[in-house]
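Please read the sequence alongside the 3D view. The paragraphs below go through the structure one part at a time.

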Amino acid sequence: MSFEKSKFHHPRLAVNDLGLTYRDYEGSLSTLCAGCGHDAISSAVVQACYELSIEPHKVAKMSGIGCSSKSPTYFLNKAHGFNSVHGRMPSVATGANLANRDLTYIGMSGDGDSASIGMGQFAHVVRRQLDMLYMVANNGVYGLTKGQLAATSDKGAKNKAGEQSLFTDIDLCVMALQLGATFVARSFSGDKKQLVPLIKAALSHQGFAFIDIVSPCVTFNNQPTSTRSYDYVHEHVTTAAIADYVPVKKEITSEVADGESEDICLHDGSLMRIHKLDKKYQTTDAMQAIVDIERHKKQGEILTGLFYLEPTCSHFHEMNNTNDTPLNKLNQDALCPGSRVLTGINNSFR
Amino acid sequence: MTNSINYNSSCTAINDFVVRFANTNGTGSASANNMFAKSILRMGIPVSAKNIFPSNIQGMPTWYEVRINENNFLARRGGQSELVVAMNAQSIKEDITSVKSGGFLLYDSSKQLIQEYIRNDIEYLGIPISAICQKEYTDPRQRQLFKNVIYVGALAAFLNIEFEVLKSLVADQFKGKEKLITPNIYALELGYQYANHHFSCPLSIKVERRDLIKNRIMVDGNTATGLGAVYGGATVVGWYPITPSTSVIEKFASYCDRLRIDPASGKKNYALVQAEDELAAIGIAIGAGWNGARAFTATSGPGISLMSEFLGLAYFAEIPMVLVNVQRAGPSTGMPTRTQQSDVLACAYASHGDTKQILLFPESPCECFEFAALAFDLADQLQTPVIIMSDLDLGMNDHLTDEFMWDDKKEYNLGKVLSAKQLDDIERYGRYLDSDNDGICYRTLPGTHPDKGSFFTRGTSRDEYAVYTEKSEDYVKNMKRLEKKFATASNIVPKPEINQTKPLAKTGLIFFGTSSHAINEAQSQLQEQGLTVDTLRVKAFPFHQSIEQFIEKHNNVFIIEQNRDAQMKSLLSNELSIDPNKLLSIANCDGLPLTSHYIVDGILSQLSEQLSSKQAG
Ligand SMILES: Cc1ncc(C[n+]2csc(CCOP(=O)(O)OP(=O)(O)O)c2C)c(N)n1
Ligand code: SF4
Ligand SMILES: [Mg+2]
């Protein structure tokens with residue numbers, strides 16, 4: 001079930017550049033388990049979109065199947081959403097994006113959805129450089145089917161039922177890096193300070209942006225032995241770099257002051273500010289990022305933050321040379337060659 | 001001078017015979033054979049051409065069968081041919097047997113025929129084609145390619161084809177590559193002269209100019225489907241290669257390249273993605289359809305299986321999209337290069353749960369064009385997938401067909417889509433509210449209105465306002481509405497084509513798609529046997545009520561189709577309130593286009609069985 005939230009607005013709620021309040025970005029009341037990491041991701045999306053002053057109805061929310069894929073109901077009520085089929089969100093998002101390049105596409109998937117049944121589609125949407133934000137809520141289990149181990153579970157980790165993961169885990173960030181994604185990050189649903197700026201940066205990125213978000217499943221995978229539990233993540237997380245988005249006209253005050261900062265200029269003159277928690281960390285070297293991720297994993301640590309960013313990349317429509325006018329807005333005159341042309345075509349078959 | 005043996009019983013025919021070409025895959029024979037078929041067309045005589053080819057790129061035997069018939073009997077005739085052009089040493093034994101008694105074998109006499117294969121009831125037209133090429137050309141590629149052109153030249157002499165017609169075809173074929181015209185005409189001359197000098201030409205089978213083509217054109221169904229999709233306004237395509245559907249996409253792409261470039265910017269007014277598999281291909285079409293673009297994909301049997309889950313989602317979530325199914329025989333390691341109509345049930349009921357899909361059954365390239373364009377209107381009107389059920393014979397072979405027509409005054413029917421203004425006028429929008437009582441609800445597109453009309457698209461777990469629910473009443477109500485929508489569809493999709501005598505005949509024939517090609521000939525053969533039949537061609541599913549009436553009004557109704565299990569017969573029995581015992585089946589599943597003989601033999605033997613069992617009883 002989903003429930004309508006009260007529409008009452010406090011008269012003095014803060015508004016963003018569009019005159020919209022935070023509440024204008026909310027979704028329906030969540031029906032996920034209390035404490036589910038996915039809900040924290042939803043609220044991070046709400047905050048990021050509010051702060052970026054994105055028009056909510058100009059967003060399309062795409063998802064597959066799973067608890068995580070239900071989440072788009074719980075943010076941006078004013079946006080259309082599509083809860084498609086298990087593991088196939090990437091293709092549906094591709095079609096939607098080809099039809100209308102003017103919307104912002106937010107994809108929400110799970111580790112089962114992306115790293116197992118939808119692995120092929122995940123790999124290929126990265127290759128296609130679709131202009132979208134692709135998030136995986138990674139809990140190491142299949143929440144919706146009651147806790148089976150997911151392929152992202154660390155080898156040796158156990159789920160609540162005591163089942164042990166026997167095989168090598170799949171790291172979707174490493175895959176995305178290898179396949180040429182131009183924005184790759186990992187975060188933790190419990191760390192809003194890190195997650196919100198990453199989502200904002202990813203939404204501002206023109207191209208394929210991937211964020212793997214460790215998101216504990218309180219019902220099936222939050223026991224101390226799980227490497228996807230709140231406790232484990234809190235204790236073993238290390239951050240490389242996080243990014244923030246600085247619009248052309250505004251200077252932001254950063255919450256994360258430690259480490260070094262570096263500004264990267266985007267297409268439109270706005271800035272991506274990278275805060276490096278590890279001074280030596282480079283966000284421009286995909287191969288090094290893979291090495292760093294694997295090195296931390298060997299030490300039992302989860303490396304989070306922005307791993308890689310290619311600020312000026314081309315996305316599908318640029319490579320395809322698609323008309324700037326969205327294809328779904330073209331009228332019959334632009335689409336139909338008409339009877340005169342047909343006469344010529346007929347003559348070629350005589 | 002002549003070195004052919006003359007028989008009193010030579011086949012004699014004007015504008016009514018079959019020429020069969022036996023070639024090797026990948027030797028460039030296709031374009032020469034096509035030129036031959038087109039020369040008959042340009043002589044004003046009805047002609048059909050069928051490729052019979054293996055699932056292989058190079059080295060295997062292929063056949064090309066050209067039927068010339070001024071009565072417009074253009075289905076595969078079956079049986080032996082009056083003239084066989086035997087260019088493949090590998091299949092020569094079989095090719096010699098495929099000549100009709102009194103017929104002719106054109107072969108490359110550079111090497112002697114194996115004595116034991118020789119029949120003495122046919123005539124041998126030996127031309128030393130390889131030797132001529134050896135002498136004339138030095139480049140090995142030319143030696144191979146011009147072999148084909150030489151036999152076409154010889155055929156012109158044998159069959160009385162006007163040489164000027166061939167010359168005009170060469171000129172058309174090499175427009176833009178003029179350098180190639182002279183050598184091709186020269187090769188044609190080599191064959192033409194050789195035949196004229198060594199044999200008495202023309203033979204007793206020959207063509208005579210007629211004016212029977214009128215406005216018809218000769219083209220394959222896949223080209224027509226691809227072009228129809230351009231005219232129908234398709235902009236987004238996801239696809240994965242599979243024979244025999246691939247050329248639908250290739251043609252769509254090449255027409256778009258010419259006709260869909262924005263003149264101001266030079267940018268594309270379409271987007272085509274070769275997806276990672278068929279699941280993604282249809283997912284792309286569904287995503288685009290959801291977002292208000294006209295989108296399609298094309299596939300064949302195995303691809304249909306993979307698309308099945310998504311077809312279910314699109315049915316329940318009510319997403320418009322078009323799927324072209326160019327049907328073929330069997331699985332991937334079946335006979336993927338042979339034709340069939342064997343996905344009828346798999347498509348009509350595609351997917352899990354209670355699903356029914358809209359099917360269109362084009363019979364000709366002209367109808368492929370018309371139905372492809374129409375399918376986008378239907379999908380938008382009905383907010384559901386529309387499947388075009390073509391087949392390999394229709395899709396990949398050239399057919400004589402009515403020219404393509406387009407009415408410039410006709411506007412796309414985009415169905416019930418609400419604008420921002422319309423949304424403003426509505427108190428509360430409900431995506432699945434049946435306000436018009438036809439089962440079709442109003443949809444909204446993402447990005448339309450800042451506060452109204454957004455909803456979360458799901459399968460069935462929602463109420464009329466698209467709010468999540470798993471209540472049984474809501475589920476049932478929705479399913480009943482979808483049923484109503486399907487009933488509405490039966491009056492919107494193309495109606496059947498019915499031909500009835502007055503008074504009505506006792507026996508009726510029902511058929512669809514390419515099975516209709518053999519009907520005119522079968523009817524005339526049945527007439528010769530004293531049997532008059534009425535006919536009904538099904539053009540779409542859901543079935544129009546007139547089909548039920550047709551069955552009611554006839555004593556026996558034969559359902560003619562190209563599969564083993566009589567799938568259309570099952571579908572009719574399942575969907576209509578009729579006496580299933582009235583339905584008799586003519587089903588052919590050998591992978592080759594249906595012949596009139598198969599139909600006639602089947603009808604006559606079943607009727608006489610019926611008669612004798614009645615008498616016995
Ligand atoms: C084709 C298909 N197979 C299986 C299922 C059943 N199923 C639903 S959700 C799910 C796993 C979801 O796991 P994940 O993507 O990790 O999401 P989570 O619930 O953990 O957020 C499965 C197997 C399905 N819906 N469709
Ligand atoms: S089962 Fe797990 S993933 Fe699903 S809602 Fe509950 S906590 Fe979240
Ligand atoms: Mg999961």
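**Ligands, sheet and loops**

Ligand 2 is surrounded by Leu32(A), Cys33(A), Cys36(A), His38(A), Cys67(A), Asn139(A), Gly143(A), Cys217(A), Val218(A), Thr219(A) and Phe220(A), where a residue is near a molecule if one of its heavy atoms lies within 4 Å of it. This shell divides into 7 nonpolar, 4 polar and no charged residues; Ala, Val, Leu, Ile, Met, Phe, Trp, Tyr, Cys and Pro count as nonpolar, Asp, Glu, Lys and Arg as charged, and the others, Gly among them, as polar. The model is predicted, so local features need pLDDT of at least 70 and side-chain atom pairs count only at pLDDT 80 or more, while totals for chains, interfaces and linings use all residues. Residues are numbered from 1 along each chain as its sequence is written, chains are lettered from A and ligands numbered from 1 in the order in which they are written, and side-chain values use heavy atoms, with hydrogens and water left out.

Asp111(A) in helix 4 (residues 111-117) and Val141(A) in strand 5 (residues 141-142) of chain A are 30 residues apart, a pair that links distant parts of the chain. Helices (H or I, at least four residues) and strands (E, at least two) are DSSP runs, numbered from the N terminus. Asp111(A) is buried at a relative accessible area of 2%, and Val141(A) is buried at 2% as well; buried means under 20% relative accessible area, exposed over 50%, and partly exposed in between (1.4 Å probe, protein chains only).

Which part of chain A is largely enclosed by the rest of the structure? Helix 3 (residues 89-99) is, because 11 of its 11 residues are buried.

Chain B has an open sheet of 6 strands in the order 3-4-2-5-6-7, with mixed pairing; two strands pair if DSSP finds at least two bridges between them. Strand 3 (47-52) and strand 7 (123-127) of chain B stand at the edges with a single partner strand each, so one side of each has no neighbour in the sheet. Within this chain, strand 5 (residues 81-86) and strand 6 (residues 99-108) pair in the parallel sense over 5 bridges, and Val85(B) has Leu106(B) in strand 6 as its bridge partner.

Further along chain B, strand 10 (residues 236-239) runs parallel to strand 11, joined to it by 4 bridges. Gln274(B) is the bridge partner of Trp239(B). In the loop between strand 10 and helix 8 (246-259) of chain B lies Pro244(B), and the peptide bond from Thr243(B) to Pro244(B) is cis, with omega near 0°.

Ile358(B) belongs to strand 15 (residues 358-360) of chain B and is buried, with a relative accessible area of 2%. Beyond four places in sequence, its contacts (heavy atoms within 4.5 Å) include Phe541(B) and Pro542(B). The peptide bond joining Phe541(B) to Pro542(B) is cis, with omega near 10°.
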